[in-house]
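Visitor: I would like a friendly tour of this protein. Could you take my questions one at a time?

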Amino acid sequence: MHQLTKGANAELFAEGDEPGPVTVALSWIDPTGAGDADVSVLLLGADGKVRGETDFLFYNCPATPDSSVQLLGKVPTGSGTQDRILLDLAALPAEVHQVVLAASRYAGATFGELAELRLAVLDGGGDTLVAFDIPDAGEETAFVFGEIYRRGGAWKFRAVGQGYRSGLGGLAGDFGIDVDQEEETAQAERAAEPGAPTAGTAQPSGTAPAAEPTVAPPATAEPTAAPKRAVRTAKKRVTLPKAAKVDLADHPSWRQARLFSVAGLKNELDRESRATSTLLAVMAEVPEFGRRITAMFNAPAGIVQTFTETSFKHGDSTVRPDGTIRVSRAGKIWTALVETKTGGSPLKSEQVQAYLDVAQRHGYETIITLSNDLALEGELLVTVDRRRARKVALRHLSWAEVAHEAHLLCHHDGVVNPAHAWLLSEFLHYLRHENSGCHGFQNMGPAWVTVRNAISEGTLRAGDRNALRVVENWERLTRQLCLRLGGELGVPVSPVLRGGRRTEPAVRREKAVEELAAGGRMRSELAVPGLPGPIVLEADLRTGRIETTVEVAAAERSRALTRVQWLLRQLTEAPAELRIEALTADGGPGPCELLRALRVEPGLLVPADSAEIRAFRLTLPAGMGTRRGAEETGFIRSVDTVVDRFLNEVVRGLKPAE
């Protein structure tokens, strides 16, 4: 992998080599919750301009007519958001000389508010070819991350890192695209937060070496003959039709007929077979859903066909993966073999290794393992000899991720066909049924009880391997919580990692183990766009309590009591046991009281020395389940319950400080 700095370039495919498809991953963390970013791509000719409006790809135009370039969409990562672009360099028209890779923000948000900006170019197997970190973003509302360009018969990448303060309109205008400003203004007015970027001149934060072609043309360049089109950038939204909720049942015991039944599932093998067939059938029949899932594995956009129990010769025996996915585009076939597990069944290394060998022999691209487990960053859930299948990608998918994508399409992003919407809703109902075995991460593991007992007895030490396993499972639980909340709210929810997300995971987990051994606590922060700040989730294994916390900036009022009353008016439905602490401007400790007492006497939260209240810290405590699983008395269920209660009864009713 080449780690580049601004202005540097690296060769992706040398002259004479056949260029393959690559995936460009633009990633970031949004710690402020001010709103996400959207990627865009511009295909430029030799004159540095687009040939027409179809050379400008963004959320309303996600693919070129020949599908040589496709926006694959966003996925939550272990630490933030990743937005991906698939480029088939061999299929790009010869007159395309440069591919500009950019992103933009709206509602007054800037790239300086995002952390850990990064671009990576990956090959077809998922290995990183080049990477570029951007540490110096500022007030820009649009950003050119980099470009892929032809040089002779080779394809190269340049790290650009050039920002615009004029938004998507200003960026696109520099390359021959005219954005409909009325639409852009209307979109900003509809946004939840005020303000919108307006067209203007580019504000570059850096320049490329003169020896290489630059991304943006000089400000004094003569107008070209390329026609400018008024591209409408307001996001399209498809509203799903709502079915009538008339209940014609004669008795509450009557159950609604379902497309995907959970009856007759006698064992885990039955559950695996039905879950695999149901998933693959829905992928083939609902194009938007099939595309969401296959895009995770760098598959091209095309016709999706799925199969179950496909047989392959392997030595003297026969192997049968649970499923096969094939995507056809422009005469080429992309193939993935699928191995599925439900419930608590573990993946088997020997099975996966056999499928890798089969895929290598047949020229298939990917092996997908699917289970309730969530893979940690850089983790393989099975031990295999990758040397025997170097050109085959091994990827893992959790049922929680499948449900996340289905929920987003059903309730937020929408699908075109109402029948497909109903089909997805039936699929979601199946996944969530207690008998399906497709519930995602639901067990803190056998080390959970051992660690809890060691904390109670005071014998837990930082080097304990059981503590490391518990910390890893806490990380899995946090990630699954982000997936679930993101699906329900329709926004990317991600963990906040202090010290930078590219801190070595092993170092990060070692520190978490030390904190667990020293204080008996595990802590996570969740960045939820639209909320006053990150939600802090803390489990105290010594006291058996879970606390959820958020800080709210105080309104600009002249008197401290008025600021307290402003907050209390927003907490009329909040639980009486909510703990509220006043944070003063001088950084010292302020008064702290329960909401039940403040409803009677708001003045209890006013600092005795009349110090200015700059913010409030709201904390909701709850009991912690003792068991390791997701049953009613389990730890995982208690975490889900307290976070949902905190969101619905406390945080979502809060307004920004005025």
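Visitor: How many residues does helix α3 have, and what distance does α3 reach from its first C-alpha to its last?

Guide: A word on the basis: this is a predicted model, where local features need pLDDT of at least 70, side-chain atom pairs count only at pLDDT 80 or more, and totals for chains, interfaces and linings use all residues. Residues are numbered from 1 along each chain as its sequence is written, and side-chain values use heavy atoms, with hydrogens and water left out. Helices (H or I, at least four residues) and strands (E, at least two) are DSSP runs, numbered from the N terminus. The expected span, 1.5 Å times one less than the number of residues, is 26 Å for α3 (residues 268-285), and the helix comes close to that: 18 residues, reaching 26 Å.

Visitor: Which residue caps the N-terminal end of α3?

Guide: Look for a side-chain oxygen that lies 3.1 Å from the backbone nitrogen of L269. A polar contact is a pair of N or O atoms within 3.5 Å; within protein, one must be able to donate a hydrogen and the other to accept it, and residues adjacent in sequence count only if both atoms are side-chain atoms. The residue that supplies the oxygen is N267.

Visitor: Why do the buried residues of α8 line one face of the helix?

Guide: Buried means under 20% relative accessible area, exposed over 50%, and partly exposed in between (1.4 Å probe, protein chains only). In α8 (residues 447-457), the buried residues are A447, W448, V451, R452, A454 and I455. Using the directions from the helix axis to the C-beta atoms, these residues line one face because they fall within an arc of 165°.

Visitor: What covers the buried residues of α8, and which exposed residues are on the face turned away?

Guide: The cover includes α9, α10 (505-519), β23 (521-527) and α13 (635-649). On the face turned away from the buried side, the exposed residues are S456 and E457.

Visitor: Is strand β28 largely enclosed or open, and which residue of β28 is the bridge partner of A582?

Guide: Strand β28 (residues 613-623) is largely enclosed by the rest of the structure, because 8 of its 11 residues are buried. Two strands pair if DSSP finds at least two bridges between them; β25 (residues 545-553) joins β28 through 9 bridges, running antiparallel. Strand β26 (residues 579-584) also pairs with β28 in the antiparallel sense, over 6 bridges. The partner of A582 in β28 is F616.

Visitor: Which strands are at the edges of the open sheet of 6 strands?

Guide: The order is β2-β12-β11-β8-β4-β5, with antiparallel pairing. An edge strand here pairs on one side only, and those that do so are β2 (9-13) and β5 (56-57).

Visitor: Which residues does G437 touch, beyond those up to four places away in sequence?

Guide: G437 lies in the loop between α7 (418-432) and α8, and is buried, with a relative accessible area of 6%. Taking contact as heavy atoms within 4.5 Å, G437 touches R271, T342, G343 and N372.
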